[in-house]
Amino acid sequence: MRLAIAFMAALLLAPPAWADCPLDLGRGTGLVVFSDHYIIALRPEPLHIEVGEPFSLLLNVCTKSDRPAELVAVDAQMPEHRHGMNYRPTIVALGEGRYRVDGMVFHMPGRWEISLDVRAGEESERLSHEFIIK
Amino acid sequence: MTGRLAALGMLVLGAAAFPSAWAQPLPPWSEDEVHAIVRHGPWPPPVPRDPSNRVDGREAGIVLGEHLFNDARLSAGGDMSCAGCHVAGRDWSDGRARAMGRVELDRRTLSLWNVGYAHWFGWDGAGDSLWAQSIRPILEPREMGSDAVRVARLLREDAVLACGYRRAFGEPPGTDDEKLLVDAAKALAAFQATLVSPRTPFDDFRDAVESGDREAAARYPAAAQRGLRIFIASNCAACHFGPRFTNGEFGDVGIPFFTRPGEVDAGRLGGITRLADSPFNLLGGYNDDPAGAGALRTRHVQRQHSNFGEFRVPSLRQMASGPFMHNGHLATLEDVVRHYSQVDPDRLHGDALPLVRPLGLGAEQRSDLVAFLRTLSAKVVPRPAPPPLCP
């Protein structure tokens, strides 16, 4: 429900410069994560993340200013356990703000927080999103 | 779901009437507890096929692998087989605290039960496939001390093994010694992947909980149910996850990693280095599915400082009678539970998992947790002799 509200809020609050940002990845079971400067639509592949099973993320990164944005790094942590993943994901740029991240593995059940480091020119920011894995 | 939970509450109260040192009625299982119980099954799940091994799941490869598993001629002295340490009647281990090769080794012999479900192999995960892991003890000087030339010659010159090889791989043994070593290991892996532990009393209880079968669930002892509740509340399943009761990854749980004065076993930290250096890893030329996703973990695994002193999380199924932990440091299951009850956080490595903490269990609680863990094992039917390789 929170995700749906966040998605709706993102659409309602989106200024005109975001109108061209493709949010198809965020529809349905996808997610939209946003800040004052960035909006990121993402979708796990496969859609259901299983404990210990590798998965990928498909992302679309846009900026409020309509400047080209770059996905710099992706990582994930379990804040309660103070550890990250045992695997280092790789980022493949697919063009036009779209990215594929491979090599994600959540090796324990519980709360995982993914961090998405994005950059547009000299301006960079870390956005995050929580997943509860059962 | 609510009706099922209410029914479970009743059956648990009924189960508490079993003879017990702890004659207190058990509260009903919560919805979260039911979820936690159910996700430890069903058992057994289908064994995943290994596309990196072209004889995995093929009968001729499995039969060849079982014959090689029992064949001491693979070793340098002709006196040591895989079956010498991985003993069928000892849950595919040896009952020793530390394995005995040509000399006493630093780690305990891992059981081969359910090894076909794993994605990392060995206590340090230096193997990324079961066949790569099977090469290691053959070549290790302190163990079988053999080499590719010896193994290849055996496959070429022994008529029965050569026939078995031809049936498994569809061609006679060739002249490439290293390839024949790898193929022997792939047959060994095909056999080992068939070793699936039997269903247990826990599995019957778990299935009864899932289906709401009160009568069947009530047969599960009350002490085991109390122990299961401690297991769930203590978040043991963070590592001992899923049907195999392991997430297949690595952790530092406060077991000393000194092997002798001045020497340490770096565990996973060294394992990742050996993995990267191995010509037999899934990124190398012996992977039968080089374009597949099987090498994904190998490609992405990262070596971290926190890997120092980490060892693979063992499955809790069919654990045998011990000793336990990576180096046999704890003799009995009671000792293991006492360790987790009293673990000294100061003994943990600085980057160790903060979820390993002293559980502070009393004697009755420890006894219940042991009672639960014992229900993860069952009597094993003696294994028949393997079928002949070639008539």
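Colleague: What does the secondary structure of chain A come to?

Modeller: Chain A has one helix and nine strands, where helices (H or I, at least four residues) and strands (E, at least two) are DSSP runs numbered from the N terminus. From the N terminus on, the elements follow the order α-β-β-β-β-β-β-β-β-β. This is a predicted model, in which local features need pLDDT of at least 70 and side-chain atom pairs count only at pLDDT 80 or more, while totals for chains, interfaces and linings use all residues. Residues are numbered from 1 along each chain as its sequence is written, and chains are lettered from A and ligands numbered from 1 in the order in which they are written.

Colleague: Which strands of chain A form the open sheet, and what makes two of them edge strands?

Modeller: Five strands form the open sheet of chain A in the order S1-S2-S3-S7-S6, with antiparallel pairing, and two strands pair if DSSP finds at least two bridges between them. Strand S1 (31–34) and strand S6 (90–95) of chain A each pair on one side only, and these are the edge strands. From one strand to the next, the twist averages 25°.

Colleague: How many bridges join S3(A) to S7(A)?

Modeller: Five bridges join strand S3 (residues 55–63) of chain A to strand S7 (residues 98–104) of chain A, and the two run antiparallel; A:Asn60 stands opposite A:Arg98 in S7(A). S6(A) and S7(A) also pair in the antiparallel sense over five bridges, and here A:Gly95 stands opposite A:Arg98. The hairpin of S6(A) and S7(A) has two residues between the strands, and in this hairpin A:Glu96 takes a positive phi near 55°.

Colleague: Why is A:Val32 called buried?

Modeller: A residue is buried if 20 or more other C-beta atoms, placed from the backbone, lie within 10 Å of its own, exposed if 12 or fewer, and partly exposed in between. A:Val32, which has its place in strand S1 of chain A, has 24 other C-beta atoms within 10 Å and is therefore buried. A:Val32 and A:Asn60 are 28 residues apart in sequence, and their C-alpha atoms are 9.4 Å apart in space.

Colleague: What number of residues is buried in S6(A), and what follows for its place?

Modeller: Of the six residues of S6(A), zero are buried, so this strand lies largely in the open. Over chain A, 32% of the 134 residues count as buried.

Colleague: What makes H11(B) and H15(B) count as parallel or perpendicular?

Modeller: Helix H11 (residues 222–233) and helix H15 (residues 363–374) of chain B pack at about 100°, with their axes 7 Å apart. Axes are lines fitted to C-alpha atoms, for helices over the stretch in contact, and angles run from 0 to 180 degrees between N-to-C directions. Angles under 35 degrees count as roughly parallel, over 145 as roughly antiparallel, 65 to 115 as roughly perpendicular and the rest as oblique; H11(B) and H15(B) are therefore roughly perpendicular to each other. Among the residues making the contact are B:Ala223 and B:Phe231 of H11(B) and B:Leu369 and B:Phe372 of H15(B), where residues are in contact if their C-beta atoms, placed from the backbone, lie within 7 Å.

Colleague: How many residues does each chain give to the contact between chains A and B?

Modeller: Chain B gives 18 residues and chain A gives 17 residues. On the side of chain B, the largest share, four residues, comes from helix H13 (residues 296–300). The model scores ipTM 0.88 and pTM 0.90.

Technical notes: Two residues are in contact if their C-beta atoms, placed from the backbone, lie within 7 Å.
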